[in-house]
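Subject: Handing over the two-chain model

Dear colleague,

I am passing this structure on to you, and I would be glad if you could look through it with the notes below beside you. Please open it first and then read on.

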Amino acid sequence: MVGKDTGVGAATYFYDHLNLLDFYAFGNLKTLAKKITLDNGMLDYLDNTQNNKNNPNENYAREYLELFTILKGEQIGPGNYTNYTEVDIQQAAKVFSGFKKRPERSDIDPDTNIPMGYVNVNQHDSKDKTFSKAFGNRTIEGKNTETEIFEELDAFVEMIFAQEETAKAYCRKLYRYFVKSDWNNEVETDIITTLAQILINNNYEILPVVTILLSSEHFYDADDSDATDNIIGSIIKSPLQLLSEICTMFMVKYPNPTTDALLYYRNFFLNFIHNRYFPAAGMEFFNPDEVAGYPAYYQTPGYDRNWFSSNTIIGRYKLIESLIEGKNTISGGNIYAQLDTVTFVKNNIPNASDPNLLVTEIANLLYPETIDTDRTDYFKRFLVDEGFPDYYWSGVWSRYINDGDATTVRVRLNALIIAMVNAAEFQLM
Amino acid sequence: MKRRHFIKLSSVASAIALTPFELQGAMKSFMPYANCPDISNRKLVLINLAGANDGLNTIIPLNQYDIYSNLRPTIKVPNSGPDKYISLDSSLPDNQQIGLNPALTRLKSLYDKSWLRIMQSVGYPSQNKSHFKSTDLYLTGNDGNSLLNGTDTGWIGRFMELYYTDLIVENYPLAVEIGSNKTSLGFHAEEAHGLSLNISGQDPAGFYSVLSGLGGVPPSNIPDSDYGKQLEFITNTDALSNTYAESISNAFNSGKNDISYPDSDLANQLKTVARLISGDLGSKIYMVRISGFDTHNAQVQGPGEAIGKHHSLLTDLAESMEAFMNDMNSQKLADDVVGLTFSEFGRKAAENGNLGTDHGEIAPMFVFGKPVEGGVSGTNPDLTEATSSNNFQIQTVQYDYRQTFSTLLQNYLGANNTIIDATFFNHTINDSFVNLKIDDLLKSEFDISKGCIASTKNLLAETKNWLVYPNPFRDHVNITGINRTETLTLSIYNASGILLLTKIETLVDGNVALNLYSFSNGVYFFEISSEGTKEIHKVVKI
């Protein structure tokens with residue numbers, strides 16, 4: 001993926017880049033790995049558009065191996081990263097030489113209907129490329145016609161994807177994204193390796209392998225009775241996950257993107273979500289700090305713990321408050337969106353008049369695991385003050401049901417929902 | 001001590017804190033050295049040049065200018081005209097003759113004050129040319145040959161955990177990080193959690209008032225599972241952020257800047273650091289960051305020009321460094337601050353044809369500050385190493401990055417050999433970095449390895465007028481003094497520096513007996529005042 005605001009070139013490039021990712025989101029990883037090389041945004045972002053036979057630019061070649069496909073292994077010698085070597089980077093740069101961006105967007109990929117770059121035959125290094133022992137000293141024959149240069153690229157990508165390590169690298173990423181950031185040898189052998197084989201058997205189609213992972217007993221902690229190795233609730237939610245869950249769960253009302261496009265895109269999404277909430281919570285939208293992506297998905301040892309840190313928690317905590325108050329409590333301004341806690345409870349919580357059941361039923365909707373009585377009592381205090389009987393709440397709730405005046409219950413439910421959403425339990429998935 | 005344990009203990013207390021200043025005062029009596037400069041307030045400021053700085057266009061090897069020109073026909077810094085390099089120091093021998101990039105006028109003025117040492121060809125054995133991997137190696141204290149110094153912890157974290165053990169329980173972070181959303185791997189420690197605080201993008205003045213209490217009360221029953229471990233992490237991060245935020249806001253609001261800074265991201269970061277130091281924040285290590293050094297293209301704006309992306313970055317760096325040091329000096333704090341720049345690697349000696357450079361190996365390091373002995377360490381790299389057979393790399397490492405750090409950790413901050421070895425060890429040549437320290441990195445009056453004798457006596461025992469025993473204690477603890485006084489005032493603070501109780505105690509037979517049955521297990525600070533003197537004792541309940 002490119003970084004939207006850090007050197008991807010024209011806005012149209014990023015638009016095309018998104019369409020390409022969207023096109024192959026449920027498709028074939030290997031095909032995407034070929035197509036992305038000709039993506040105008042990527043050509044610009046990692047400088048491959050300037051990579052020529054006489055003046056190689058290794059930027060794209062390096063990241064292609066290190067971050068996008070086979071990934072770097074342990075360094076086992078000077079310039080030798082197990083899965084590939086510095087020599088392979090230089091050879092890959094030669095394979096990629098001559099691919100250029102096309103600002104006019106006049107070359108259209110017939111497979112995707114998305115604008116793409118082109119190859120400048122004169123700038124392509126037509127010498128043979130011999131790779132290291134990591135790739136069995138394979139030589140890819142250098143070519144000098146447009147069709148053959150594309151075949152050369154094909155052969156190179158096929159070579160990378162013929163390595164089992166490439167399949168494993170993708171499966172580890174999937175596991176880290178959907179299940180848990182780190183794992184033991186048993187998971188490596190039983191799950192990662194198995195999934196990698198499925199990925200290879202399906203010629204790098206992504207759907208079968210994701211389907212198997214997400215429908216496995218392991219994913220639902222149903223594979224054994226040992227609670228200490230449960231994986232549900234072991235990932236800290238990204239700011240995007242947090243936002244989308246809150247919006248879905250509480251049916252947040254925001255401007256309709258079709259009929260009220262300006263208010264939606266400018267006031268709600270751009271001004272509040274994109275410019276304030278995401279940066280404050282540590283996730284520049286489509287624009288991670290590094291070409292490696294968001295640290296939650298690559299930075300050892302913490303991985304997803306990078307989402308939750310002293311410099312991101314104010315942004316996280318202020319989200320629910322902003323949505324409930326209908327204004328940006330991070331930096332001010334109307335957000336044109338509203339979370340209605342009273343309507344949410346009325347429509348979704350069957351036993352809302354009993355404060356204990358109200359709390360546990362919301363907790364069951366929000367949290368990975370049920371909460372104990374101590375915790376229920378803590379949250380209940382937002383509805384009924386310490387020392388007062390539960391029926392005080394039942395009374396105000398039934399008065400609201402009868403006369404529709406939500407003033408009293410709203411103040412309390414707002415406080416409860418803010419506390420329950422900002423609680424440690426809701427940060428996890 | 002496991003910091004996370006203290007978090008649990010201290011979450012219930014009321015909110016009158018012992019200021020970092022008071023605690024620092026208490027810590028001075030723990031000084032392990034005699035006849036030495038006061039090192040208790042010394043700090044390191046690390047500037048990360050992210051993306052890999054092009055060393056060859058930062059400091060130009062004038063003795064090999066022709067080879068340099070041939071390797072870099074379009075991006076070389078010119079040797080004539082308005083963009084000509086700046087001659088660093090004509091008194092240096094030929095093989096140390098350096099031309100500074102013309103962006104570095106402010107760096108030249110630091111050098112002329114004898115506040116700057118340039119370290120040549122810094123790197124480590126078997127350079128890894130991945131930004132991410134090499135950054136991780138730099139921060140974990142490893143090299144390309146082995147990861148034996150640990151991969152899950154950072155060297156700064158290990159160092160702080162071992163050397164500042166007594167300060168781990170304070171209510172301020174041992175390290176402060178600004179400039180990156182990602183909390184650096186460098187600060188991860190073995191046992192203690194949250195030694196550092198990342199305040200990137202935050203308003204330090206209002207940090208505490210905004211953050212305070214947002215996360216609510218944490219759950220008390222934590223299951224034994226991954227979910228439980230994550231709950232604990234979140235709860236601890238929240239509690240520590242609250243605790244630390246208060247000390248940050250207090251220091252920021254009582255500190256000041258004495259001079260004006262350029263308006264750039266890096267300058268603003270250093271301005272905040274200066275203000276926190278000025279506000280007497282106890283933190284020992286600061287890390288700031290300037291990124292954009294990954295100049296694969298257009299590092300100069302046109303062939304033969306010096307102006308461009310790299311020039312802007314270097315200008316920003318030099319101006320920010322100088323403003324920071326002048327601010328510190330103007331506030332008479334310059335004795336206590338040493339700064340250092342580091343970058344994950346350098347860039348290839350040959351340009352790449354896009355007015356840029358690809359990933360390389362060695363790069364220079366700048367060590368700066370009033371305590372620093374001005375000068376140049378090492379000679380210009382040998383450019384004849386860069387040939388087509390090695391992909392035009394200059395590879396000979398003159399200084400391992402850990403040599404600079406170990407010299408500063410020991411000779412400036414005062415860490416002993418054991419701590420240096422546990423922070424990082426040179427597994428490649430199987431030698432301690434204590435034996436590989438760099439001569440003349442510090443002016444002798446600031447260097448505690450010169451003319452300064454480490455005391456083997458326990459100064460704590462000699463200088464205290466009160467004895468608190470038994471320590472550790474279970475429920476009952478006694479305070480006995482050598483002076484005959486009627487009463488004493490006792491204040492007890494918890495590990496976060498929060499005041500738990502304060503009262504006047506009457507001595508019976510020279511002794512005060514306390515029953516602290518109701519206190520949780522953990523570390524407490526007893527502040528004992530009588531007849532105008534005050535002492536602080538660290539006491540542990542088990």
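Before the first figures, one term is needed: a residue is called buried if 20 or more other C-beta atoms lie within 10 Å of its own. Taken in that sense, buried residues make up 53% of the 542 residues in chain B, and 44% of the 429 residues of chain A count as buried. Please keep in mind throughout that this is a predicted model.

**The two chains in outline**

Chain A has 17 helices and 4 strands, while chain B has 14 helices and 21 strands. The C-alpha atoms of chain A fill a box of roughly 85 × 50 × 35 Å along the principal axes. When contacts with a separation of 6 or more are considered, residues 24 or more positions apart account for 64% of them in chain A, and for 72% of them in chain B.

Chain A is divided into domain 1 (11–162), domain 2 (165–229), domain 3 (239–325) and domain 4 (341–427), and the C-alpha centres of domain 2 and domain 3 of chain A lie 27 Å apart. Chain B is divided into domain 1, made up of 15–35 and 52–448, and domain 2, which covers 464–541; the C-alpha centres of domain 1 and domain 2 of chain B lie 41 Å apart.

**Where the chains touch**

The contact between the chains takes 56 residues from chain A and 53 residues from chain B. On the side of chain A that touches chain B, at least two residues each are supplied by helix 4 (59–68), helix 5 (86–96), helix 12 (313–325), helix 15 (373–380) and helix 17 (407–422) of chain A. The residues on that side of chain A divide into 21 nonpolar, 21 polar and 14 charged.

In soluble globular proteins, nonpolar side chains tend to be buried together. The largest nonpolar core in this model has 193 residues, and those with the most contacts inside it are B:Met160, B:Ala175 and B:Ile248. Helix 9 (residues 226–254) of chain B gives the largest share of this core, 11 residues. Apart from this core lies another, of 55 residues, among them A:Met42, A:Ala61, A:Val119 and A:Ile191.

Strand 10 (residues 337–342) of chain B is mostly covered, with 6 of its 6 residues buried. From this strand B:Val337, B:Gly339 and B:Thr341 point one way, B:Val338, B:Leu340 and B:Phe342 point the other way, and all are buried.

Strand 2 (residues 43–50) of chain B runs parallel to strand 10 of chain B and is joined to it by 6 bridges, with B:Val45 standing opposite B:Gly339 in strand 10. Strand 11 (residues 363–368) of chain B pairs with strand 10 of chain B in the antiparallel sense over 2 bridges, and here B:Gly339 stands opposite B:Phe368 in strand 11.

**Strands further along chain B**

An open sheet is formed by 3 strands of chain B in the order 15-16-19, with antiparallel pairing. Strand 15 (466–469) and strand 19 (511–515) of chain B stand at the edges of this sheet, and because each has a single partner strand, one side of each is left without a neighbour in the sheet. The twist from one strand to the next averages 15°. Strand 15 of chain B pairs with strand 16 (residues 476–481) of chain B over 4 bridges in the antiparallel sense, and the bridge partner of B:Trp466 in strand 16 is B:Gly481.

Strand 20 (residues 522–530) and strand 21 (residues 533–541) of chain B run antiparallel and are joined by 9 bridges, B:Phe526 having B:His537 in strand 21 as its bridge partner. Strand 20 and strand 21 of chain B form a hairpin with 2 residues between them, and B:Glu531 in the turn has a positive phi of about 45°.

With best wishes

Key: Residues are numbered from 1 along each chain as its sequence is written. Chains are lettered from A and ligands numbered from 1 in the order in which they are written. This is a predicted model: local features need pLDDT of at least 70, side-chain atom pairs count only at pLDDT 80 or more; totals for chains, interfaces and linings use all residues. A residue is buried if 20 or more other C-beta atoms lie within 10 Å of its own, exposed if 12 or fewer, and partly exposed in between; C-beta atoms are placed from the backbone. Two residues are in contact if their C-beta atoms, placed from the backbone, lie within 7 Å. A nonpolar core is a set of buried Ala, Val, Leu, Ile, Met, Phe, Trp, Tyr and Cys residues joined through C-beta atoms within 7 Å. Two strands pair if DSSP finds at least two bridges between them. Axes are lines fitted to C-alpha atoms, for helices over the stretch in contact, and angles run from 0 to 180 degrees between N-to-C directions. Ala, Val, Leu, Ile, Met, Phe, Trp, Tyr, Cys and Pro count as nonpolar, Asp, Glu, Lys and Arg as charged, and the others, Gly among them, as polar. Domain bounds come from an automatic or database domain assignment.
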